[in-house]
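The sequence and structure come first.

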Amino acid sequence: MNIAGAGRARRAGAVTGALALAAAVALTGATPAAAATQQVDDATFTWGLNGYAQVGIFGPWTYKDLTGNASVLTGSVSGGTQSTYLVEPTPATSFPISKAGKTPNAVHFVAGTGAVDPDSGAATLAWDGSYTVNAYPAQYSAPNEIYADPELEVAADGSGSLSFEFTLGAGTDMSGNPVAEQSFGRLDLVTFSPGSIDVLADGQVRFTPDYQGVAVTVADSSAQTTCTASGTATGWWGSWAPEFVNALPSSVRPHFYSTGCGGMQDAKPSLPVDVTYTVQDVVAPATPQVVVSSTTLQADGTSDITVTGTGFTAAADGTVPGIYVAVGPKVGETWYLDASRFQYAKYVRTTGPETETASGARLQADGTFTLTFQDVAPVYTKGTTTYDAAVTPLNVLTFAAQGSTNRTLDTVTPLTFVDAQGLPITVVVPEAPVEPGTFAWTIDGGTGAVDLGTATATAAGFAAAGALRTVTVTDTRADTPAWTLTGQVGAFTATGGQQFGGQSLGWAPALTQNTVGAVAGASVAPGVGTDDGLAPSRTLVSAAAGHAKGTVAVDAALSLLAPADTPAGAYTATLTLTALG
């Protein structure tokens, strides 16, 4: 902990002396996670069309003339063994109950490209290739249906569509008349409504198309029938995308909309569309952090410091032209635009000098750097202006170079200057009048910070522990008045400005030496409210009036429980001890 003042107190006027302790704790960052949107080039598309295609009037529909990245997975409904595409029978899907326990035939495309959101299942994907399907035996010369280059576009809420380039081949209609080949361009075969997405696993998504309640008007085929659920009847009625249904010949069109209720009508809704792809783990952008070899420097200006930076990837990848690392005050909102205030400043960039100079250093490709500043002083003059750390605190600063408005690379590391005895020169200890005896307190261990180490993530938050250095109180005053030594901690603050409150720190005082009859303060657990933990003033040790003359030594175990949503970073707070008596 950093000592900010040696303390002593007197009864008259309730004058207090304060001792500030800097407690540092590091919080670890989150593990790499999938990015919200990713580009993929290995997406697969698998679809069984509908239940009707699995049985048909003349048996399962025939797939042929496959091109590009298309293939057919032959299910046990046709004597095959595919086990990639599995669906439950009606009423879970349109797969017929008569085929329960079997697997469907399905078209399968690979090497799809586009954008996906692995968390929500949203996708904009396209595949190359085609398949041809016919519901009738060859002797009927029914026109082939040719489906090419599927495109799937589904938003995060589940709304979207599946489209194909659709061509109706040459053949014979139901009246025996010849039909010429006709291309219809890209048509939506099915649509999707909000809630259609089911993310089965990482990179495995099932989309359930619309059917129920989709109305279609057909000019030369049976009118659409609406149905009602009753008993074991599903009540299913609806249609595939109307623009697709009306593009089909009258002999095929009824396969895709309701012309009755129950029975084979329940096999007409589209089966689910399955999509898979490889989810790439993307490491979240690094958080810039700075470590200064010492933040407590000599007031005579003879201290050298080494500054090490990590996570400055935005400067390494060209997002910004580099960074400045400076020693000086942080004054005003545009402090980063005026280098004239800085005692030192070095331009750090990937093209900087390999050997550090007085004005620059090399930023490594991984966003790290190391540099030094020599003879950092608390008082210096730039131009006609003198800067004094006792008036305007000095810091080690980092910020994007060349006037960039990018503030993600800003860090602030405060510096403290002490005299030769290690006492902060910015603290004024008032002189106490001479009185019989002595009332004084000290802290063992010098000026180092209390290091709580790296916090551990728990269900309740980030937990860490440490110990307060021993505080020794001596009272030899003749009238042995009552006295109390209290502590209070301010907010924990990271170099980037993130904070959490002092209520997150608690303590458990314990006496290790006691010749005055003093009493240790009550244990205080960390909490979440402004009246919890050490946010308010708490008693470390006290003695009642009339106590014996002598000395008491008190320790305290420190316990930290930072909020679970605390951003990663190295946090510092100031614990102020005040003696009254």
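## Strand β31 and the overall fold

Trp441 is found in strand β31, which covers residues 439-443; helices (H or I, at least four residues) and strands (E, at least two) are DSSP runs, numbered from the N terminus. Trp441 is buried at 3% relative accessibility, where buried means under 20% relative accessible area, exposed over 50%, and partly exposed in between (1.4 Å probe, protein chains only). Thr578 is 137 residues from Trp441 in sequence, and the C-alpha atoms of the two are 9.9 Å apart in space.

The model is predicted: local features need pLDDT of at least 70, side-chain atom pairs count only at pLDDT 80 or more, and totals for chains, interfaces and linings use all residues. Residues are numbered from 1 along each chain as its sequence is written, and side-chain values use heavy atoms, with hydrogens and water left out.

The protein has 3 helices and 41 strands. Of its 581 residues, 46% are buried. Among contacts (heavy atoms within 4.5 Å) between residues at least 6 apart in sequence, 70% join residues at least 24 apart. The accessible surface is about 25500 Å², with 52% belonging to carbon and sulfur atoms; accessible areas come from the Shrake-Rupley method with a 1.4 Å probe, and for residues only the protein chains shown count as cover.

## Cores and a surface patch

A nonpolar core is a set of buried Ala, Val, Leu, Ile, Met, Phe, Trp, Tyr and Cys residues joined through side-chain atoms within 4.5 Å. The largest one has 54 residues, and Trp47, Tyr131 and Phe207 have the most contacts inside it. Beyond its neighbours within four places in sequence, Phe207 touches residues including Gly121, Leu152, Phe192, Pro272 and Val275. Another core, apart from this one, has 37 residues, among them Leu485, Ala494, Val552 and Ala573.

On the surface, Ile57, Phe58 and Tyr140 form a nonpolar patch with about 330 Å² of accessible area together. Patches are made of residues with over 30% relative accessible area and no salt bridge; like charges are joined within 9 Å, nonpolar side chains (Val, Leu, Ile, Met, Phe, Trp, Tyr) within 5 Å. Phe58 sits in the loop between α1 (52-55) and β5 (62-68) and is partly exposed, at 42% relative accessible area.

## Side-chain pairs

The whole structure holds 35 aromatic pairs. Rings of Phe, Tyr and Trp (its six-membered ring) pair if their centres lie within 6.5 Å; planes under 30 degrees apart count as stacked, over 60 as edge-to-face and the rest as tilted. Trp47 and Trp240 form a tilted pair, 5.6 Å centre to centre with 35 degrees between the planes. Trp47 lies in strand β4 (residues 38-47) and Trp240 in the loop between β16 (204-207) and α2 (242-245), so the pair ties together parts that are 193 residues apart in sequence. Trp47 is buried at 0% relative accessible area, and Trp240 is buried at 2%.

There are 9 salt bridges in the whole structure, each a side-chain nitrogen of Lys or Arg within 4 Å of a carboxyl oxygen of Asp or Glu. The table gives some of them.

| Salt bridge | Closest N to O distance |
|---|---|
| Arg206 and Asp274 | 2.6 Å |
| Asp338 and Arg341 | 3.6 Å |

Arg206 and Asp274 are both buried. Asp338 is partly exposed at 28% relative accessible area. Arg407 is partly exposed at 29%, whereas Asp410 is buried at 17%. Salt bridges that share partners also join Glu151, Glu165 and Arg186 into one network.
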